[in-house]
Amino acid sequence: MKISRRCSFANQSAYDVTECTKALIPERRRRKYYCLHFTMVHTWPYFDPDYENLSKYMNPPRVCIDNSSCNECTLVKVDSVNKPGILLEVVQVLSDLDLAISKAYITSDGLWFMDVFHVTDQQGGKITDTKTIEHIEKALGPDGDILDIKGSTWSGKAVGMHSIGDYNIIELIGTDGPGLLSEIFAVLANLHFNVLVAEVWTHNMRVACVFYVNDEATSQAVSDLNQLSIMEQQLNNLLRARGDDVRGARTNFGMSSIHLGRRLHQLMFANKDYESDGKQEEKSKTAIKPVITIDRCEDKGYSVVNIRCKDRSKLLFDIVCTLTDLQFVVFHASVSSDDLYATQELYIRHKDGCMLDTREGKEMVKCLEAAILRRVTEGFSLEICGRDRVGLLSDVTRILREQGLSVTRAELTTIGEQAMNVFYVRDASGNPVEMKMVEALRREIGQTVMLNVKRVPSSVKPPKSSGLSKTSFSFGSFLGRFLHST
């Protein structure tokens with residue numbers, strides 16, 4: 001038998017290996033050996049399907065909820081085998097519970113992921129609720145999974161009177177303008193679509209919406225393709241009437257496997273809200289733009305993103321989500337807040353291991369700035385609670401439009417038979433909302449639903465640069481801060 005020369009994984013040819021074994025294997029057994037050798041060279045190695053989960057079984061994630069180390073907050077400590085996207089998963093769980101992250105130390109260079117988060121509840125206290133603690137431990141622990149058994153991420157929104165699969169998801173992007181949301185809800189109400197959950201973001205004169213709807217008569221997902229087509233056509237007509245043919249406005253039917261907040265970021269990015277044509281600049285948000293700089297840590301091969309901006313809920317999630325969707329990995333990070341402003345220092349690389357070049361750095365600054373400002377709201381928040389019905393949102397948004405108010409963001413939820421809606425509004429011309437207008441809203445909307453009006457505090461001074469210069473990374477100092485916090 002003639003055996004041709006081949007290269008092996010050990011940098012030695014198969015021919016050389018065979019020649020060496022001739023002296024060790026008797027003639028009568030060589031034929032069997034050669035057959036075995038031929039098979040090993042020409043077949044792919046076998047991998048057990050459970051091999052990928054082996055490290056998880058051998059080193060399961062450890063989650064510690066510590067209420068004793070700090071007097072002012074709860075420490076959430078997560079140790080786990082490192083994997084792509086793990087930081088976003090952890091931050092997503094904490095953000096969906098509306099926990100405020102006042103400080104965080106993150107490191108995931110190598111095979112292990114170690115994070116410490118200082119968190120408080122919505123009232124500024126420690127996390128003492130048993131159900132909340134159990135949810136964190138279950139979601140981030142060995143048996144936890146952000147995805148449920150049907151593959152749908154827990155979006156943090158409740159659809160109390162309907163089970164998974166009983167709704168359609170509608171996604172919409174386009175140019176923002178006075179009365180747009182009222183017209184959208186009027187279309188849905190006229191076609192007998194009931195809105196269960198919805199979230200609306202606006203930024204830089206662009207809008208992104210995600211609606212969870214079902215059929216008014218059956219309380220099930222709408223299966224009539226003709227009805228869905230009519231709804232899609234009417235919504236697209238609304239967008240085209242605002243001159244959106246060029247800028248790519250559209251209505252889509254979405255998938256439920258993407259986290260709602262992350263999907264809205266993706267839609268706004270697709271809507272290019274990070275670009276400004278200079279004609280329709282938002283006046284109120286220019287004074288609170290974040291300060292973002294990008295340095296190079298040449299000795300360790302990191303790009304260092306420094307961010308200082310007004311602190312708010314879900315800020316870390318929005319930043320990590322944007323970096324992840326831009327295909328960047330956060331290896332180390334330090335996060336802190338002085339109640340008014342947040343400071344974040346993130347050491348990142350592209351997924352291919354490369355640092356940012358100058359052009360990419362400029363693009364990233366624009367994308368991060370847009371991600372931070374999308375949830376920034378000014379003016380008033382209107383909290384509306386009442387019995388859910390088809391047309392409720394159409395009526396409320398119509399009244400807001402008639403009063404000359406523009407909706408900058410909305411979070412709409414159905415729990416049981418109750419609708420719990422929050423609208424962030426301001427004067428359509430950009431002027432402060434007058435109290436007499438608020439009283440008119442109380443008289444008209446408050447007749448059928450409970451209405452709570454709150455003024456959203458605004459920033460007085462823009463954030464100053466943290467003074468961080470070009471960074472030479474010292475893992476020793478970083479690890480010292482990490483250990484000190486634990």
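Which residue stands opposite Tyr347 in strand 12? It is His332, and the pairing around it is a handy way into this fold. The model is a predicted one, in which local features need pLDDT of at least 70 and side-chain atom pairs count only at pLDDT 80 or more, while totals for chains, interfaces and linings use all residues. Residues are numbered from 1 along each chain as its sequence is written, and side-chain values use heavy atoms, with hydrogens and water left out.

Strand 11 covers residues 328-337. Helices (H or I, at least four residues) and strands (E, at least two) are DSSP runs, numbered from the N terminus. Strand 11 pairs with strand 12 (residues 341-350) in the antiparallel sense, over 9 bridges; two strands count as paired if DSSP finds at least two bridges between them. The hairpin of strand 11 and strand 12 has 3 residues between the strands, and Asp339 there takes a positive phi near 80°. Strand 11 also pairs with strand 3 (residues 100-107), again in the antiparallel sense, this time over 5 bridges. Here Ile106 has Ala333 of strand 11 as its bridge partner. Strand 11 is mostly covered, with 7 of its 10 residues buried. Buried means under 20% relative accessible area, exposed over 50%, and partly exposed in between (1.4 Å probe, protein chains only).

Next comes helix 8, residues 260-270. Its buried residues are Leu260, Gly261, Leu264, His265, Leu267 and Met268. Seen down the helix axis, they fall within an arc of 165°, so they line one face of helix 8; the arc is taken from the directions from the axis to the C-beta atoms. What covers these buried residues includes strand 5 (168-175), strand 6 (193-203) and strand 7 (206-215), along with helix 9 (315-325) and helix 10 (358-373). Contact here means heavy atoms within 4.5 Å. Just after helix 8, Lys272 takes a positive phi of about 60°.

Now for the charged pairs. The structure holds 18 salt bridges, each a side-chain nitrogen of Lys or Arg within 4 Å of a carboxyl oxygen of Asp or Glu. One of them joins Glu369 and Lys289, whose closest N and O atoms are 3.9 Å apart. This pair links distant parts of the chain, 80 residues apart: Glu369 sits in helix 10, and Lys289 in the loop between helix 8 and strand 9 (291-297). Glu369 is partly exposed at 23% relative accessible area, and Lys289 is partly exposed too, at 34%. Another salt bridge brings together the side chains of Arg312 and Asp318 (2.7 Å, N to O). Arg312 is buried at 19%, and Asp318 is buried at 0%. Arg312 and Asp318 are linked with Arg375 in a network of salt bridges. Then there is Arg389 with Asp395, at 2.9 Å from N to O; Arg389 is partly exposed at 40%, as is Asp395 at 27%.

That leaves the nonpolar interior. A nonpolar core is a set of buried Ala, Val, Leu, Ile, Met, Phe, Trp, Tyr and Cys residues joined through side-chain atoms within 4.5 Å. The largest such core has 46 residues, and Phe211, Leu400 and Phe423 touch the most other members. Helix 6 (residues 180-190) gives the most to this core, with 6 residues. Apart from it lies another core, of 45 residues, including Ile127, Ile136, Leu316 and Leu346.
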